[in-house]
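The following note sets out numbered points on the structure shown below.

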Amino acid sequence: MAEVQTHEHDVLIIGAGGAGLRAAIAASAAKVSVGLVCKSLLGKAHTVMAEGGIAAALANVDERDSWGVHFADTMRGGQYLNDWRMAEFHAKEAPACVRELEAWGALFDRTQDGRILQRNFGGHRYPRLAHVGDRTGLEMIRTLQDYGIHQGIDVHMERTVIALFTDADRIAGALAYDRERGFFHLFRAKAVVLATGGIGRAYRITSNSWEYTGDGLALAYEAGAELMDMEFVQFHPTGMVWPPSVQGILVTEGVRGEGGVLLNKNGRRFMFDDIPENYRAQTADNEEEGWRYTQGDRNARRPPDLLTRDHVARCIVREIKEGRGSPHGGVYLDIAWIRKRIPDAEERIKKKLPSMYHQFKQLADIDITREPMEVGPTTHYMMGGIRVDPETQMSTVPGLFAAGECAAGLHGANRLGGNSLSDLLVFGKRAGDFAARFARERTLGPLAADRIDAGVRRALEPFQPAAPEAEGPYAVQEELQAMMQDLVGIVRHEEEMRRAQEAIGKLKERAARVRVAGNRHFNPGWHTALDLPSLLTVSEAITRSALERQESRGAHFREDHPSKDPEAGRFNLIVRQDGAGSMRVERRPIPEMRPDLKKIVEENG
Amino acid sequence: MPGATFRIWRGDAAGGAFADYSTEVTEGMVVLDAVLRIQAAQAGDLAVRWNCKAGRCGSCSAEVNGRPRLMCMTRLSELPLEQPVTVEPMRAFPRIKDLACDVGWNYEVKKRIRPFKPRPPDAPDGTWRMAQADVERVQEFRKCIECFLCQDVCHVLREHAKHQEFIGPRYFVQVAALEMHPLDAEDRLAELGQTQGIGFCNITKCCTRVCPENITITDNAIIPLKERWIDRHYDPIRRFLGWLRLKGGAGSGP
Amino acid sequence: MPDAVLPLPEPRRFGETQRRDVWWLAPLGTFIVLLAFVLYSTWAAFQGDHYAWGPYLSPFYSPELFGYSQHSWFGPKPVWWPSWLLFSPALLILWAPGGFRLTCYYYRGAYYKGFWADPPSCAVGEPRKHYLGENSFPLILQNLHRYFLYLALLFILVLAGDVWKALWFSDPATGRTTFGLGVGTLVLAVNVVLLGGYTFSCHSLRHLVGGCLDVVSRAPIRCRAYRCVSCLNRRHMLWAWASLFWVAFSDIYVRMLSLGLWSDWRFF
């Protein structure tokens, strides 16, 4: 057998962002042994990039808010493809999760009377996002990390999981390598929680870091679990576009929440030109009303700049395509204009959006208190992912759980800003609780040595002597990213996606021939080569699902089917491996919503 | 397109040397872009840590032209490109490979700091009330992204390797954040002088200067902690006054 | 506590660095200016003469507890003063502001660099392997800073009194005292403002007025004081240098008048 170090845990958690940490805390609170594996150092996960806030109906700022309104907002945002049970749990449990963070040391911005302050955000009817300036994600991950390290969790930093092992249809363990030394580690566990986050690296322009290669999705898929809603990739409307090296870096929606407006090159607020029917009643008619909304006027309706992300992103693409974009291929996002409205605008911007101020000042030489920013859509979030049971977060493989971005269901066709941080907390906790419960009732499953050997052998393939036509991993990755960006991006077309499917097939062959230089000692080339199969799997799942959904809904926009199809609103798309190992996409009807929830949705129409 | 030479330290714990790489320079490029470009085209196994590329995660710490910096926030336009740009790993930590070093010590130190312990909730619903004014002071410290540049530049660690007796600026910031937290009821002052070595800090403010989050580490965290520690150990007058007040308070009771 | 000594890279030699800037300029500046000040103030303090002119008293000699000028609080040199010990009114009091500056958080950092190369500058190799920090005698005495602060606050009052006195000029011919304003009055007034700025921006004061509280918002007066001191504190370095320069200049100004090397200009 290959040289592999073995670790045993009751619950193994893969990924140490918000969901992974919250799951680890929950599981260790249930008195089981917990191992936490992460690809980077602890506390560096993409959760730190979350800026705007945590959506939770605390009703501290507007007492009209309640879990019901939050639920209805989430369902409307997701175009009713959401798993309504998850949306219900989420809306009900988020406030407690936020308060729990405060009890662990988080310091949110405060209201006048000393409670947690909440801000406006796209798609949320009332000010709902608990926040800390524009670095809420950092506050959240640091709070969870600092609390978690005292709970007896074994943290395995800088290790990447490359295979999951099952035994008689339930999870038994995972194989990983450590990035620093290149050694292999076998984790035996009674339950595994995947909290690996997103897939942003499948695209060229993304707000995600190198880590987000869809590992969890690919691991679960290979282990036999079902994926769902893979056609719904969220393109955040506002990423930086200039200079080229920062393209894709996120510009928080908080800028618009604080009064920032989107303008085309003619200075027109183009968001007023196209307001979708189902949001018309909630949207401001004129600029004045929109401004009053951002300044806390409870009788004003929100400006169209704060419509859902899918819609805003598409409007921006339209402006750019029709030649009304900014010089570097974006549109303008202007917060500096509020100087005309309030006297201490400069101070206010620096205080409310300090990270944005520094980001633009340092990376683009732009003072956002004086000039508009140039922004354009960037790949941000995967609404789809591993299909899980809404209550327990267990996937279709017994003992394999998933939480956070890598799980599907809560967000449907489009995620509302702020709902992801609350998603991490609510479902991270649930996954940890239920994984611990599952683990307590089981013993460790056996692992076959030959499968471990095969896993190690496959991982070492890139070090084999160069095959004919061998190439480096970076070129293959870049080509995949460019291809997905061009062919399966914001605006999709059947013919383009067929080409993408073909290209993925070819890239798979090339990925198999990838060779790397050097040895196993902290070798990013090797790491990139091992990330390729996951990227290819999720890219294929996205493309196939997107082909199958012949309508436009939420984040999925088909040029050849530009309108919504009520029939298509009745099913989710499921991706799974068939007996022969190829990918299958099938339609799965959405269960009828419970009457009480239906009533809530109607009341908040 | 203009080019520039990057003198990057290659090697591991056993030793290493600088190697020169040339690459194109385009508008708005940062040092990390150059390093990743070199990695993709010339040195596939060049070890470097990075994540967010926006100064938010604190992974890409290194020394650029001798100054501890986040590579993702160091624009090439602010460096003299006539000479090679030197990029080397942080010096206050053991080396792993190339630009990556072993920062595990920091995580061990963090574990030794007594965790947050809140006072009982203020409201019947289990929540607390805090004024923004009191929260702000601690929020500055909580901006820390744990890039460990302050640890790297601190001569107590860097030159004198007092890793066993001194927790470094990052963790004074953390202790300050906990000690000044409006809700915290724990007392961490005893360790501050003993195992955490606040007396080793000689306030040269290098940590403040390198902080990419602009946390005023020395003035707002370390010196106030030193003062609190002095309250406890070197200020008999305040202790006497405190004692009087305590007695007075007890005396005026029923 | 981790027991294993970390395998760190070899420390750099003294002055060795990859820094490209003129890193030695700032510590050298500190060294030259501080040294010049120490030399001048010591010389001036030992003079014991030419420290007063008309209503002006050099800040190095204020308060003049014992002495021969009209500003003396308790008369001339005490009879019990040992004859073998050099007497100067400055020596009786100068240790207090001197100690305040010596233990000041800003100056400490600056002179550890400029005078002791510990470190010579940020990220530059050091001359010594050994390091004790402020953990043991004598540097542990730096912790007494707040006691010097209490004295420094008293000195501000005294110096403010000196400015008041510097507004009253007596006519040597008639012996009548009249209200007036000379350049010297302004020099002494600026001195109080700068020394006040330096003293009120002190880190210890910041701690004592409000920094020691976790919930300062419930004590409105202390909250405001804390904000004020914090605001001044951000420029503590600037106050330190400006007041250092000006206090020496104030002494020079009075000394020159007293020596008759220049004359005071009266506004009225």
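1. Chain B: overall make-up. The secondary structure of chain B amounts to ten helices and seven strands; helices (H or I, at least four residues) and strands (E, at least two) are DSSP runs, numbered from the N terminus. Along the principal axes, the C-alpha atoms of chain B fill a box of roughly 85 × 40 × 30 Å.

2. Basis of the model. This is a predicted model, in which local features need pLDDT of at least 70 and side-chain atom pairs count only at pLDDT 80 or more, while totals for chains, interfaces and linings use all residues. Residues are numbered from 1 along each chain as its sequence is written, and chains are lettered from A and ligands numbered from 1 in the order in which they are written. The model scores ipTM 0.94 and pTM 0.94. For chain C the average pLDDT (the predictor's confidence in each residue, from 0 to 100) is 93, and 99% of the residues score at least 70.

3. Chain B has 254 residues, of which 58% count as buried; a residue is buried if 20 or more other C-beta atoms lie within 10 Å of its own, with C-beta atoms placed from the backbone. Two residues are in contact if their C-beta atoms, placed from the backbone, lie within 7 Å. Among contacts in chain B between residues at least 6 apart in sequence, 62% join residues at least 24 apart.

4. Chain B: domains. Chain B is divided into domain 1 (3–100) and domain 2 (103–238), with bounds from an automatic or database domain assignment. The centres of domain 1 and domain 2 of chain B, taken over C-alpha atoms, are separated by 30 Å. Their contact takes twelve residues from domain 1 of chain B and 15 residues from domain 2 of chain B. On the domain 1 side, the residues divide into seven nonpolar, three polar and two charged. Here Ala, Val, Leu, Ile, Met, Phe, Trp, Tyr, Cys and Pro count as nonpolar, Asp, Glu, Lys and Arg as charged, and the others, Gly among them, as polar.

5. Contact of chains A and B. Chain B contributes 48 residues and chain A contributes 50 residues. On the chain B side, the elements giving two or more residues are α1 (31–41), β6 (95–97), α2 (104–112) and α3 (132–141). Of these, α3(B) gives the most, with four residues. The chain B side divides into 23 nonpolar, twelve polar and 13 charged residues.

6. An open sheet in chain A. Three strands are ordered β3-β5-β4 in chain A, with antiparallel pairing; two strands pair if DSSP finds at least two bridges between them. Because β3 (54–55) and β4 (118–119) of chain A stand at the edges, each with a single partner strand, one side of each is left without a neighbour in the sheet. Two bridges join β4(A) to β5 (residues 129–130) of chain A, and A:Gln118 has A:Ala130 as its bridge partner in β5(A).

7. A hairpin in chain A. Strands β19 (residues 571–577) and β20 (residues 583–589) of chain A run antiparallel and are joined by seven bridges. A:Val575 stands opposite A:Val585 in β20(A). Five residues lie between the strands of this hairpin, and A:Gly581 takes a positive phi near 90 degrees.

Notes
A residue is buried if 20 or more other C-beta atoms lie within 10 Å of its own, exposed if 12 or fewer, and partly exposed in between; C-beta atoms are placed from the backbone.
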